[in-house]
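Visitor: I have a model open and would like to learn how to read its features. Where do we start?

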Amino acid sequence: MEAEEGLIQEIYSKGDEESSRNRPIISVEQLDIEAYASLYQGRTKITRLIFIAEHCCDNASMQLEALRMAYDEIKKGEDTQLFREVLQKIDGRLGPNYTMDVAWCDSVDHRAEQRKKKIETELNAYKTNLIKESIRMGYNGFGDFYYAHGALGDAFKSYFRARDYCTKSKHIIHMHMRAILLSIEMGQFTHLTSYVSKAEQKPEALEPVAVAKLRCAAGLAHLEAKKYDLAARKFLEVGPDLGSSYNEVIASQDVATYEGLFALESFDRAELKACSKVIDNVSFQNFPELVPEVRELINGMSQVEMGNLSVVSFGKKGNIRSLHDFDQPFTGVAGIKMISALTFKQENTIADEPVVDLLMYLNNMLDTAAAKARLPSGQNPLHQLVLIIGDGRFHEKVRLFS
């Protein structure tokens, strides 16, 4: 009991901490924000929209569209504090229809105060009469109330206070499922696997949908800990029962993407080539269809055969150098020589167009390699793959598309 109280206090005290991840979104494509946001619901939908707005500062139209949708979504709920935060980010840029709605805020806050008093009165009555089931429901009611109004730490404490009044296994599972949801939303993953394990200790009360949700939560915990192999295997265990039942946390498309990418990062060649752990897995085979690009990537990487390798460095226009040619064996000595040649000291300006210059160079190089490999019949047996790794942003979108 004391240990669990410590967990509650730790999560409660950290519930309002902000994440330090502020990397901007860099993309050459306009994200279909409406289609993306439709995959989620509740607070997760709003927080993802806010995340997009905060990380696409170079795309004003995308940023404002995300904020507009977040504003509209918040007004469907009761979190006036989150409403004010989004309003501050909008800063009058969306016109008169997206400004401070004092009447709405006052109405929501007034109803909230009345509801809170009602829940307190009912809970006190239940405690007086020692009705355990009613007391449990009263604490859950407080948890739901605080959650709706954005007080996640208070919501977490309320749900856990109901544990002493749980009389059935399904009650224990419900309590831990709420703890899992709040831990994810507050970014507190330290004890997430513990809550998953405790919920799994009641298998007789777990429905297939609940099992799928727990697998997702465990996968997210491993992802946060950068344990990609374990994350891949947990997402692989997610059954088709998940559907859209957990989109307040994760979409089925996310499961497909995470599982595919982490499998590519972690599984050995034999696992991918056999396809037994990803593509042909009975419980997982429906997910890759939701993200066909991931399925194609897995299929391709499981079948690719490594041939000759060439490495070039690029930077300032006209300064591309071949560090390793196709016709040279790639040995340990060659690798050391190649890495030593990468100095990362070239200056780069918008006028340099380094990526355009690189692609023109690579086209000529690959055409030459293909010509050498062409069969007498005229067929080209090569499948060529180019990976470009850079340490900076590029500003050549127009030239690249042309």
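Guide: Of the 402 residues of the protein, 39% count as buried. Buried means under 20% relative accessible area, exposed over 50%, and partly exposed in between (1.4 Å probe, protein chains only). This is a predicted model, in which local features need pLDDT of at least 70 and side-chain atom pairs count only at pLDDT 80 or more, while totals for chains, interfaces and linings use all residues. Residues are numbered from 1 along each chain as its sequence is written, and side-chain values use heavy atoms, with hydrogens and water left out.

Visitor: How many helices and strands does the protein have?

Guide: There are 18 helices and 2 strands. Helices (H or I, at least four residues) and strands (E, at least two) are DSSP runs, numbered from the N terminus.

Visitor: How do I read the packing of two helices?

Guide: Two packed helices are described by the angle between their axes and the distance between the axes. Here the axes of helix 9 and helix 11 (residues 208-224) come within 11 Å and cross at roughly 35°. Axes are lines fitted to C-alpha atoms, for helices over the stretch in contact, and angles run from 0 to 180 degrees between N-to-C directions.

Visitor: Which residues of helix 9 and helix 11 make the contact?

Guide: Helix 9 contributes Met177, Ile180 and Ile184, and helix 11 contributes Lys213, Leu214, Ala217 and Leu220. Contact means heavy atoms within 4.5 Å.

Visitor: Is His174 buried, exposed or partly exposed?

Guide: His174 lies in helix 9 (residues 169-185). His174 counts as partly exposed because its relative accessibility is 35%. Tyr159 is 15 residues from His174 in sequence, and their C-alpha atoms are 9.1 Å apart in space.

Visitor: How do I read the buried side of a helix?

Guide: An α-helix has 3.6 residues a turn, so residues three or four places apart point the same way. In helix 12 (residues 228-236), the buried residues are Ala231, Ala232, Phe235 and Leu236. They cover an arc of only 135° around the axis, so they sit on the same side of helix 12. The arc is that of the directions from the helix axis to the C-beta atoms. Helix 11 and helix 13 (252-266) are among what covers these buried residues.

Visitor: How many disulfides does a search of the whole structure find?

Guide: A disulfide is a covalent bond between the sulfur atoms of two cysteines. The search finds 0 disulfides, a disulfide being a pair of cysteine sulfur atoms within 2.5 Å. Cys56 is buried, at 4% relative accessible area, and Cys105 is buried at 1%.
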